[in-house]
2 protein chains.
Amino acid sequence: MKRREIFAVTAGAVAGAAFVSPAPAIAQGRRVLRMVTTWPKSLPGLGSGAERLAKRIAEGSDGRLDVKVISGGELVSPAESFDAVADGRADLYHGAEDLWPGKPQAFAFFAGVPFGLTAVEMDGWVRHAGGQDLWDALGASYGVKPFLAGNTGVQMGGWFKREIAGPDDLRGLRIRMPGLAGAMLRRVGANPVSPPPGEIFPSLQTGAIDAAVWYGPWNDLMLGFYKVARFYYGPGLHEPGTAISVGINLALWDSLPAGSRGVIENAIAAENSYMLAEFNARNAAALAVLAGRHGVQLRRFPDAVLHALGTAAGEVVAEAGNADAFTRRVYDSFLAYRSQAIAWSKTAEQAYLTARLLPFKYGEPA
Amino acid sequence: MKRREIFAVTAGAVAGAAFVSPAPAIAQGRRVLRMVTTWPKSLPGLGSGAERLAKRIAEGSDGRLDVKVISGGELVSPAESFDAVADGRADLYHGAEDLWPGKPQAFAFFAGVPFGLTAVEMDGWVRHAGGQDLWDALGASYGVKPFLAGNTGVQMGGWFKREIAGPDDLRGLRIRMPGLAGAMLRRVGANPVSPPPGEIFPSLQTGAIDAAVWYGPWNDLMLGFYKVARFYYGPGLHEPGTAISVGINLALWDSLPAGSRGVIENAIAAENSYMLAEFNARNAAALAVLAGRHGVQLRRFPDAVLHALGTAAGEVVAEAGNADAFTRRVYDSFLAYRSQAIAWSKTAEQAYLTARLLPFKYGEPA
């Protein structure tokens, strides 16, 4: 791994232009950090979260730090974002840890794996049960310091053109689903495909694909999937809370004064729950529009389908978790936390949410 | 409401000492903010969260701001914390909005009400669905600017000396439970009581009370309730995610430079999810100890009990929500959000958590 020698461009310099020595950047009293993202700028939730994070850092630092957000493809391709930060072409990335090709499987556990942790559980594991130490060690081996920076919360299980009555109905279906969740689908006989985002809608429309998983009601409503697929299945179990992460070039991080590190750390942690709250609120509102105004047929996967998918998920996650010795350490830590989290959730969150569905009267919205 | 004229004591001055003019505080380049809390300093989760918040503000401001944490009872009683910030005896409070005697019922909705919103839903309502605007207006009428600053997540339903097989088993039971949830219990024939925290354990031991709700496994384990009550019921539905809040004297807030406001806002928002994650992780670990090492009998309230409690909760929350015109506006906003949140949760989070409980194989912890 290359060591960065120059950390930031001065204010006013064009991003991506030749590096200048750090001295003038500090002399001007304002440091510009270049943050590459894996999202289009206009993508609500993820793209807007990156923009909001930049604003938080600028405001919290009283102008000492400025973050220039560089959308996916502008400086490097989205998939190159991690390497760009590792080798100093960029200072930070805003993405998800399962998006880096050729990296150890360990990374995927910090984005989310099928039938894994919810958003709050991921926060608990990473921040309070050993996850961050493992992640720091993993990132440090590439020269990157990683942080939890947001979460989509539980997503949806996808738009289907036909109903899924049992596991057999998944056989042969071409379903847009990337990553480990795609491998899970393959194990139950489906055919996971990954058309570019812009081709998902037309592919679904023409029947070139049979189903598509995107994010959740908020993003899905905007793309209009309800116009070309009638059945909207829940829950999303491919990544039950995709964790969004920020990585910072480690040498840069170590070189920053404590105050700047504090500003950046607080801003990222602030955005972590702000983004999750936004997905929760906007998904709830969009679901009402989809089900109410657009007549979308909401469906829950039958238990037999969920069981088959859970079994397949257990297999692909175990395979990923045993890919190498370090990943196995991450997998063990994840499994131990998941086991405790399930027992706690069964007693608390899940039990509460189920209790709240009982048909008692509880006010009427005005 | 009094307007504050002097906002902070200089570094080194003893908290609670005579005010000094703001000029020297600024001239020294360091401003000390006095934060009263409603918790004992040593209370894990809430007390430690207040300490961590102070550290975040100090680090993020690079020493420009320093927060002196003043535990409940040191400067003012916990219940006086809100008024102390409103009238300038303190700069910030760290507490929960249902702890202020004599204030409108509207406040309680920003702490949590029986069968209300989970932590993430509360974040969604306050930050992205109109809650903060209402809360700001409510706080401003007293000269306070409020923020979400943490959450306990779903708690437990309490320690019971006997099993609860149906709603009739609650009749006549003396149960430690404060606030609106106490009123809920009264409606199903129980007798809610509020002994001081230090008397809960001996009261349960002697049988002076029959049951006690404290926080959750993490805090409950430390207090040793398992030694004097055998049955540990879930879920907690009295406040399904108690929101912790920080209030800042509004005139002080308005007077702060944008950079300081940014530091404080990010630090509070950072702590908001950090605390929730800590409760989630520590509760999960403590539940394993209680059920495994101490042989605690975990129980879920029967559906008939949950239905009776839900009906009672709906009544007491409606009564509170109709207490005055402004509270009714808050109640309406809360109900509208709750309704959408339930539909979304049923499709996503709750459906996922239930699916994850299906008996498929998914690795074994090392």
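This is a predicted model: local features need pLDDT of at least 70, side-chain atom pairs count only at pLDDT 80 or more; totals for chains, interfaces and linings use all residues.
## The interface as a whole

Let's start with the overall extent of the meeting between the two chains. On the side of chain A, 95 residues are in contact with 95 residues of chain B. Together the chains bury about 7800 Å² between them, and carbon and sulfur atoms give 64% of that area. Within chain A, the residues that lose the most area to chain B are H128(A), W344(A) and Y362(A), which together make up 12% of what that side buries.

## Polar links and the parts involved

Between chain A and chain B there are 4 salt bridges. In a salt bridge between the chains, the side chain of D62(A) meets that of R64(B), at 3.3 Å from N to O.

Several elements of chain A give two or more residues to the side that touches chain B, among them α2 (46-60), α4 (119-128), β12 (297-300) and α12 (325-347). The most comes from α10(A), with 22 residues. By class, the residues on this side of chain A are 49 nonpolar, 26 polar and 20 charged.

## A crossing of two helices

Now for a closer look at one pair of helices. The axes of α12(A) and α10(B) come within 8 Å and cross at roughly 90 degrees, so α12(A) is roughly perpendicular to α10(B).

Where they meet, α12(A) brings residues including Y337(A), Q340(A) and W344(A), while α10(B) brings residues including N280(B), A284(B) and L287(B). This contact has 9 nonpolar, 4 polar and no charged residues.

Methods. Residues are numbered from 1 along each chain as its sequence is written. Chains are lettered from A and ligands numbered from 1 in the order in which they are written. Side-chain values use heavy atoms; hydrogens and water are left out. Contact means heavy atoms within 4.5 Å. Buried area is the accessible area (1.4 Å probe) that two parts lose on being put together, summed over both. Helices (H or I, at least four residues) and strands (E, at least two) are DSSP runs, numbered from the N terminus. Ala, Val, Leu, Ile, Met, Phe, Trp, Tyr, Cys and Pro count as nonpolar, Asp, Glu, Lys and Arg as charged, and the others, Gly among them, as polar. Axes are lines fitted to C-alpha atoms, for helices over the stretch in contact, and angles run from 0 to 180 degrees between N-to-C directions. Angles under 35 degrees count as roughly parallel, over 145 as roughly antiparallel, 65 to 115 as roughly perpendicular and the rest as oblique.
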